[in-house]
Amino acid sequence: MKDYLAKVKKGFAIAENKGVVYYTIPAFSELGFLRHAFSTRIGGVSEGNQKSLNMSFKREMTPGNVEKNFSRFANAVGFDENKVVICHYEHGINLERVDLEHRGMGLFRENELPFCDGIIIDQKEIVAATIHADCTPIFFADKKGRAAGVCHAGWRGIYEGVFGSIMGKLTALYDVMPEDIIFGLGPSIKACCFEVQEDVASLFRERFGESLIIKREGKIFVDLPMACLMQLKKLGIPAENITLSEHCTYCNPELFYSYRRDKKNTGAHASVIEFI
């Protein structure tokens, strides 16, 4: 695993446009046919604990602010917010392929998708989106342009094998090979801050081994990014196909919302991707 980790690319690229700060993945930008981004909390209109670029309707005192924030984010990144489809997440591992008819769901109209934590697209004019506040943002794309998408992965999704679900769906729909797919793992809660009790620690210990479990000052922490990378290695994804953001959402209150740090009373970020 040590040699594999050494080959994983580290770091997303930060950008600012029209007062909005966001991140992109160099390997995805280099493909030339995708527009994508992960929002920070900078550049929006929300107030209080949701200040300022909150992308989630949950806990937002003024729902209209979320639409305004999506508009600001869209203008900065270059996508059309009217083409957005937001996943209908439930902290699971299901992914759904979406079409033009789904645009607007989760943002401007009721989300009628089956419960899903990931969205797959294979055509232009659709912006796939997921929402995060500590949970891992997963970007994925076929280097040959057959499909791309985003996924929301909480600890349950990671434990239950979300990457196997992603690859299973891509293989079934597009007959991809592991070496065809690139991944980006965005800002999320890291091992420094993801404190758990023994019940959760034991689950990860049994499935992934003792190396994921960190004990410090009488507390137990789980390394979720490592669990992600272990799954990707097992699935045959080349380490060079992976980019890992090293930012911890809990540790960076100026840039990121954190569900744990802020005791649930917080905003959320958006991951978006589309074909151009």
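## Burial and overall form

Of the 276 residues of the protein, 56% count as buried. The model is a predicted one. The accessible surface amounts to about 11600 Å², and carbon and sulfur atoms account for 50% of that area.

The radius of gyration is 17 Å; a compact globule of 276 residues would have a value near 19 Å, so the protein agrees with that expectation. The C-alpha trace spans about 45 × 45 × 35 Å along the principal axes.

## Secondary structure and contacts

The protein contains 7 helices and 16 strands. Considering contacts between residues at least 6 apart in sequence, 67% join residues at least 24 apart.

## Charged side chains

The protein carries 34 positive and 35 negative side chains. The centres of these two sets lie 3 Å apart.

## Aromatic pairs

Across the whole structure, a search finds 12 aromatic pairs. One of these is formed by phenylalanine 12 and phenylalanine 139, with an edge-to-face arrangement, a centre-to-centre distance of 6.4 Å and an angle of 65° between the planes. This pair links distant parts of the chain, 127 residues apart. Phenylalanine 12 sits in the loop between β1 (9-10) and β2 (13-17), whereas phenylalanine 139 belongs to strand β9 (residues 136-142). Both phenylalanine 12 and phenylalanine 139 are buried.

A further edge-to-face pair consists of phenylalanine 163 and phenylalanine 183, whose ring centres are 5.8 Å apart and whose planes make an angle of 65°. Phenylalanine 163 is in helix α5 (residues 162-174) and phenylalanine 183 is in strand β11 (residues 181-185), so the pair ties together parts 20 residues apart in sequence. Phenylalanine 163 and phenylalanine 183 are both buried. Elsewhere in the list of aromatic residues, ring pairs connect Trp155, Tyr159, Phe204 and Phe208 into a cluster.

## Serine 258

Serine 258 is located in the loop between β15 (242-244) and β16 (269-275). Its relative accessibility is 0%, and because buried means under 20%, serine 258 counts as buried.

With neighbours within four places in sequence left aside, serine 258 is in contact with Ala133, Asp134, Thr249, Tyr250 and Thr266.

Methods: Residues are numbered from 1 along each chain as its sequence is written. This is a predicted model: local features need pLDDT of at least 70, side-chain atom pairs count only at pLDDT 80 or more; totals for chains, interfaces and linings use all residues. Side-chain values use heavy atoms; hydrogens and water are left out. Helices (H or I, at least four residues) and strands (E, at least two) are DSSP runs, numbered from the N terminus. The radius of gyration is taken over C-alpha atoms; the globule rule is 2.2 Å times the number of residues to the power 0.38. Buried means under 20% relative accessible area, exposed over 50%, partly exposed in between (1.4 Å probe, protein chains only). Contact means heavy atoms within 4.5 Å. Accessible areas come from the Shrake-Rupley method with a 1.4 Å probe; for residues, only the protein chains shown count as cover. Lys and Arg count as positive and Asp and Glu as negative; His and the chain ends are not counted. The place of a charge is taken as NZ of Lys, CZ of Arg, CG of Asp or CD of Glu. Rings of Phe, Tyr and Trp (its six-membered ring) pair if their centres lie within 6.5 Å; planes under 30 degrees apart count as stacked, over 60 as edge-to-face and the rest as tilted.
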